[in-house]
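Got a predicted model open and want to know where its labels come from? Let's take them one at a time.

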Amino acid sequence: MKTSEDKFKITYKGKEIELPVYQGTQGPDVVDIARLYKETGLFTYDPGYRSTASCKSDITYIDGNAGILQYRGYPIDQLAKNGNFMETCYLLLQGELPTKAQYDEFEIDIMKHSMLHEQLIKFYSGFRRDAHPMAILVGVFGALSSFYHTDLDIDDPISRNQSTVRMLAKMPTIAAMAYRYSLGRTFVTPKGDMSYAGNFLRMCFANPMMPYEQDEVLTRAMDRIFILHADHEQNASTSTVRLASSSGANPYACVAAGVVSLWGPAHGGANEAALNMLKEIGTVDRIPHYIERAKNKEDSFRLMGFGHRVYKNYDPRAKVMQETAHEVLKHKGIDDPLLDVAIELERVALEDDYFVQRKLYPNVDFYSGITLRAMGFPSSMFTVMFAIARTVGWVSHWREGITEPDQSIGRPRQIYMGPTERDYTPMSERG
Ligand code: ACO
């Protein structure tokens, strides 16, 4: 990290202090405010971290104004069109694309760890059949921490690698079982000679009594969806994993915390919410009514799948996702009226002053719901698939965070707005 020759100067109560300004390899310069409290007694206030970098990272770069997303420097569209998810996982974790030998070894390692401990499988029967699969995912993935703690040493790179492989390998199996449990179907164990995405689709949809035929178009679409969602720098769930792990906590439990954060409709739950919204709109002629609702500040309705904290331009993932949606629907021969609603809604919103001025564009979730529905998934599974993809991002950030030389426990400050000191009143004297 380079230090800029420019300094950030502030004067507070007559005292001037100079704060260093750092430069990353890309992106805006950053003021280091670590000394601010010591020198001035001031905290900074930035709810939602709109102007705060919480860490240094080499993993993912986003330029929200230009609509750029890169994993370790590689543009997302190049990875999504030319690469595959396993290769992307290796890249995110190790910093470089794998050689053929590294790729083969990594893929086999993941495959070997994709089975679940028999005791872990017993957890499923404790859940209600109608439990949301994200609730099951949180519980079962968190429970991995009770299986893998005696041989865990987060300070040992070999142990960290072992946890990494286990987390990536077991997540799709846990997710597919959550889906089958909701339907009362027999669990399907992973198969060693299939791709990560192909195996996941098989574990979800195969009938164990019948031969299973892999659908190449759907497998490719699933793989692409995983690539598009693999990492997105310091979003809410990744920051949650980083904060949870900053105390040295068990990584399986930290990733379960990431799953929780992802679940919300403002984050990973947006794909489910976007599809529900398209269903509610139903037909193209009803779009103007919903556009008016989204613009009305008295109404809590928002266009789901629209807008992004970082992208103030077209989300580069949304472009690839839109193409994938068309491919999948064409392949399945589905004429989904919701795709017509989505395309028209996007057109109308992008010509509307309200959305133009606020730089609100479709995000990746706008088209992913339509695609996943065409692939045969119920909407309750959409965020689960996002979690499978994002596991590699969470794990990459966990590894980076806990090995940072200046790593310390995350502990934000606050503006206290409660009562000032007052004396305890006995209950008999309280009015
Ligand atoms: N529909 C209508 N108005 C919107 C929308 C929307 N989807 N998103 C933002 N706005 C408006 C806000 O009302 C606000 O208007 P104002 O300036 O008149 O008050 C302005 O645009 C800025 O909005 P903020 O909420 O400040 O933007 P923020 O960066 O905090 O929010 C967020 C980003 C949460 C994603 C928001 O755009 C949203 O709720 N979108 C819908 C949910 C969604 O699609 N989430 C997925 C995110 S992508 C992901 O997690 C993979």
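Q: What makes two rings an aromatic pair here?
A: Rings of Phe, Tyr and Trp pair if their centres lie within 6.5 Å. By that rule the structure holds 21 aromatic pairs.

Q: Why is the pair of tyrosine 196 and phenylalanine 226 called edge-to-face rather than stacked?
A: Look at the angle: the two ring planes sit at 75 degrees, and planes over 60 degrees apart count as edge-to-face. The centres are 6.1 Å apart, and the cut-off for pairing is 6.5 Å, so the pair is edge-to-face.

Q: How do you know that this pair ties together parts that are apart in sequence?
A: Tyrosine 196 belongs to helix 8 (residues 196-205) and phenylalanine 226 to helix 9, so the pair bridges parts 30 residues apart in sequence.

Q: What makes tyrosine 196 and phenylalanine 226 buried or exposed?
A: Buried means under 20% relative accessible area. Tyrosine 196 has 11%, so it's buried. Phenylalanine 226 comes in at 0%, so it counts as buried too.

Q: Why is the pair of phenylalanine 200 and phenylalanine 226 called tilted?
A: Their centres are again 6.1 Å apart, but the planes are at 55 degrees. Stacked needs under 30 degrees and edge-to-face needs over 60, so what's left is tilted. This pair also joins helix 8 to helix 9, across 26 residues of sequence, and both phenylalanines are buried. Ring pairs link Phe200 and Phe226 into a cluster with Phe85, Tyr179, Tyr196, Phe205 and Phe377.

Q: How do you know that cysteine 55 is in no disulfide?
A: A disulfide needs two cysteine sulfur atoms within 2.5 Å. The structure holds 0 disulfides. For cysteine 55, the nearest cysteine sulfur is that of cysteine 254, 15 Å away.

Notes
Residues are numbered from 1 along each chain as its sequence is written. This is a predicted model: local features need pLDDT of at least 70, side-chain atom pairs count only at pLDDT 80 or more; totals for chains, interfaces and linings use all residues. Side-chain values use heavy atoms; hydrogens and water are left out. Rings of Phe, Tyr and Trp (its six-membered ring) pair if their centres lie within 6.5 Å; planes under 30 degrees apart count as stacked, over 60 as edge-to-face and the rest as tilted. Helices (H or I, at least four residues) and strands (E, at least two) are DSSP runs, numbered from the N terminus. Buried means under 20% relative accessible area, exposed over 50%, partly exposed in between (1.4 Å probe, protein chains only).
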